[in-house]
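The structure comes first, and the notes follow by topic.

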Amino acid sequence: MEAVLKNLASAAELLAVAAHSGVVEQWDKQTLSRAFHWARYCEHIFSRFHSNPEMRGIMEKQLQLTNQSLRAAFPEYTEVSFSDLSRCQHLLLVGLLNNPELPISIMKILFDTWSPASANQSEYQDVTGFCNHIIQCKSACKVLSPFTGASAVGADAEVQGVMLMERLGALLSRGGEACRAEHFLDSVLQGCEGAAEHFCLVIAAALLTTKNSAAQTASQGFLLDWLHRKHSVLQLMCSALPAALLIDLAKEHLKFRDAYCDVLKKWASDMEYSVSEGEWVQTSTKRTVSFQKLTEHFLALFEACPPLREDVEKELNALNIADGDFDVRGLSVWGDLLSALNN
Amino acid sequence: MSQLQPLIQLHQMAESLMNSQEMQFWLEKAVTWGQADSPDTQEDTCLHLSRLRDFLQQLLAHINNMSSTTETMKRLPFLGQFLGRLCWNPYVTADATSRRLLFQCLWGLYSEHPGNAVERKANQWIRKVFCQLATEEDDAAAQALMKHMGVPPEEYHLKVLRKMVALLQENIGKSCSSICNINQRCSCDRIKATSEACVPLITCPEAAPLIGVLLQQPVTCVRAALSEDFLDALSSAYSSQCLSLEEQAVVSLWYHNLSSLEEAVLSLLECVLANTGSMPQKLEQQLAQSLLPKACAQHCAIFLHVNDIFRSILKQAEGTESVKYLIQTFTSCFRRELVLLQHQTSVSLKALFPQSPQSLLVPLLTLPSEMPREAWRHHLNWLSGSLQRLTEEEEEGDGDSSSSTRGHHKLFEAWFLLVQCAQWVQVAVQLLVTSGPEDCGPLLWLLTFYHHPTNRGHHRALQLVHAREAWDHLHSLFLALARPLPADHLQSLVTLLSPQPQRPALSPLLILNLLVNFAVFFQQSLSGSTEILQTVVDWSGLVDEAVCVLNSLELRLNQGSCISSDTNRLHLRIKALQNTLTHRREALCPAENQAHALARSKTGGSTYPHTHA
């Protein structure tokens, strides 16, 4: 354990030196390879211990200590946290490429275009052409992306969805402390504050990944339960995602279908009749859905899941009766909804 | 030196003039491409990619010729802007070659010891561009998410690329199913567009499955044609070995792109003819490796085209034995592959050999092994007769031009088919050994025709006479029981084998072939046969050729196409003859052997091991 902590401290020092020190001027190919080897080691450490809170805590503390001393040595130093370790090679690269003292010969090694393509991430990867591969990969993605219209969510969201499922699965498989998985999802949500809609897309993609194992089904179930508790996210999903995607989700997961239905009903119940506009409108300040749209949602849902229609209409009818069962438009959202659905 | 200076300056000036005009063109292109990301700009970029590569190559040479970056920037002030724009064009950066050239241009502009502000700024800019290219992330939301999940950017991008390839692969398989509704617009134009977009990705290993699927998807719809740029780029990448394709993908490439097929055939010919077959066994291996016989078996069109190439080669170099042997071996490899596929496809002989005289097809294509031995002579007599009639027809029609061309053509096709099925010629030679003087007429005719299909200057009659003479001499030699060997027969035979300028030569290989067959098959003692063979070969100097004939005879024996009741004895006999000849060869060419020894001693090998006889 001590050895690992020591290594972590050294790795943080390495990152600092790579980014801020003029020592890099002396670097040669060997030094470069060793540096990236260290970075890969850190990534390995991360993958081994990230779901072990005890170990993680100890390592965080060590990093904090190291950060303090490094801050003193390098004023521009950015701190390294445990979660940063998962992308240690990237951090090393960013530091090096932004360091004006980095010899051009080292840069040339990183951008070398003659290296044989390494499709597999082998243990003893050669650092030659590291950046060349990254650029090739990113460019290839850009070239192909106009043609991947077949994917409902987009290839990138699909990949992110798969990764989400993998992480969730890993957390759930380690001795059922469900709260850790919950905490993970919460922190991800928090981290996506500015891009909540994107996160919704990823959740949809995650829920649509093909179920190959019981574990995957369990993870998806967990995600659905979590979603059910996060009303804001659920609502955002229902309003932001394309209708076709929502229908796919409803067809795939009963729990989602019901939750979706509940959201629609909630939207309806929040509506007020506006005489000036001659239409039902949402009372909240942010209007996400119109009455027309709401009707469309319901109709699409019924088309995809026919047995649902009878139950929902029964429910709407009961609500309408409770509202007085008037035949006049504008008095009960339920009545108007029913008539809109039946036209 | 001083005389060269103005010349160099002129050259440079001319170079820079040319470059600034072209520079303007390409700069405008780069600006246009950067402004919009529509399907049209995508198409335009892919269309210009190979020309852009050439231009970048020129630019690179130009940059390297300059003494400093300041000078380069003075001559080409827009260079920086141009390169910068290209860096953000994914089509340019996805393609391995243009990316390499682009990077090299940038490095060329970097100054190790910047002498002024321009150069310092250039250095800074170059570093920044590289840094951004490698580390900038477009999708901040995705990166934030990935950070939470502990996935580094390089892994993420790789996974997304693989996902895209998988999605596209799936989709291509689905498009344009069996019945295409005419009213419905099928999605096959997507295939062409996708193949166009794959032009920069040809050497990208992750894109290989997609390229394979594009190549191999069945061409059911008119719109589903692959882009020509795509096929050309694939073809050149494959031939320069920058790319490895699966067997089926290669076959599909040839099927879609005739020029790549031609290139493959020509390179096979080059390769085979370079090591003029002392080892016929290797030839079959080479042919199998080339995948061409397999491709021909899968697509009739490929077989027809390959044969056209063979025809044109033959017309240029009629007598080349190696080419003829290649064609024969190729055809038999092809037939073996066809048999393997036969349960899947059934192609008629007529479709495979449309130009050959139909009456000759089945007789020639039947293998000797498929016929009882006793029937061979009769069969060959018939073949000889049919071909003779064709030559007579051709000669008759010499007056009328149109019928004579037809006659020529028919005769050529008949001869070409014979070349393809030359196993029968070998059987004829073998039968000549055991023939009596009254039987060998038709067989000799066939043999002469094989070696000399055209009757230029009406020499055939004379050639036949010589062939008959050769046979007579051989017959007598091998019958002779007394020693020493009858000198007159020997001398006459050697004379026939040596090229004489005055009279039309009978192909020495024809005679040699006869000789070797006599040595192997005639009922004569081994020592006797060896002596005759050795003597004739010594006097005529055709050792290598004789060894070659022996080798191919051995191969035929192995393959069972010259069925004999005493195969083992024949094998031993051939082996013995081979040994004698190869020792002879080494003894006869001491200079060559010395050269070999020198080479060996230089590499630290053993001392000269051979002893002269």
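In this predicted model, 12 residue pairs are in polar contact between chain A and chain B, both residues of each pair being at pLDDT 80 or more. Helices α2 (29–49), α4 (88–98), α5 (104–110), α6 (130–144), α7 (155–173), α8 (178–191) and α9 (196–208) of chain A each supply at least two residues of the side of chain A that touches chain B. The largest share of that side, 14 residues, comes from α6(A). By class, the side of chain A that touches chain B has 35 nonpolar, 17 polar and nine charged residues.

**Interface of chain A and chain B**

- The contact involves 61 residues of chain A and 58 residues of chain B.
- About 5,600 Å² is buried between chain A and chain B, and 71% of it lies on carbon and sulfur atoms.
- Of the area that chain A buries against chain B, 13% is supplied by Arg87(A), Leu144(A) and Phe147(A), more than by any other three residues.
- Four salt bridges are found across the interface of chain A and chain B.
- A salt bridge joins Asp84(A) to Lys147(B), with the closest N and O atoms 3.1 Å apart.

**Asn171(B)**

- Asn171(B) sits in helix α9 of chain B, which covers residues 153–174.
- With a relative accessible area of 14%, Asn171(B) counts as buried because the cut-off is under 20%.
- Beyond its neighbours within four places in sequence, Asn171(B) is in contact with Ala150(A) and Arg190(B).

**Packing of α15(B) and α29(B)**

- Helix α15 (residues 280–290) and helix α29 (residues 543–559), both of chain B, pack at an angle of about 65°, and their axes are 8 Å apart.
- From α15(B), the residues Pro280(B), Gln281(B) and Glu284(B) take part, meeting Cys548(B), Asn551(B), Ser552(B), Glu554(B), Leu555(B) and Gln559(B) of α29(B).
- The residues of this contact comprise three nonpolar, four polar and two charged.

**Lys324(B)**

- Helix α18 of chain B, residues 321–341, holds Lys324(B).
- Is Lys324(B) buried or exposed? Lys324(B) has a relative accessible area of 1% and is therefore buried, the cut-off being under 20%.
- Lys324(B) and Trp88(B) are 236 residues apart along the chain, and their C-alpha atoms are separated by 55 Å.

Terms used:
Residues numbered from 1 in each chain as written. Chains lettered and ligands numbered in written order. Predicted model: local features only at pLDDT ≥ 70, side-chain atom pairs only at ≥ 80, totals over all residues. Heavy atoms only, no water. Helix = DSSP H or I, 4+ residues; strand = E, 2+ residues; numbered from the N terminus. Buried < 20%, exposed > 50% of the residue type's maximum accessible area, 1.4 Å probe, protein only. Contact = heavy atoms within 4.5 Å. Axes fitted to C-alpha atoms, helices over the stretch in contact; angles between N-to-C directions. Nonpolar A, V, L, I, M, F, W, Y, C, P; charged D, E, K, R; others polar. Buried area = accessible area lost by both parts, 1.4 Å probe. Salt bridge = Lys/Arg side-chain N within 4 Å of Asp/Glu carboxyl O. Polar contact = N/O pair within 3.5 Å; in protein donor to acceptor, adjacent residues only side chain to side chain.
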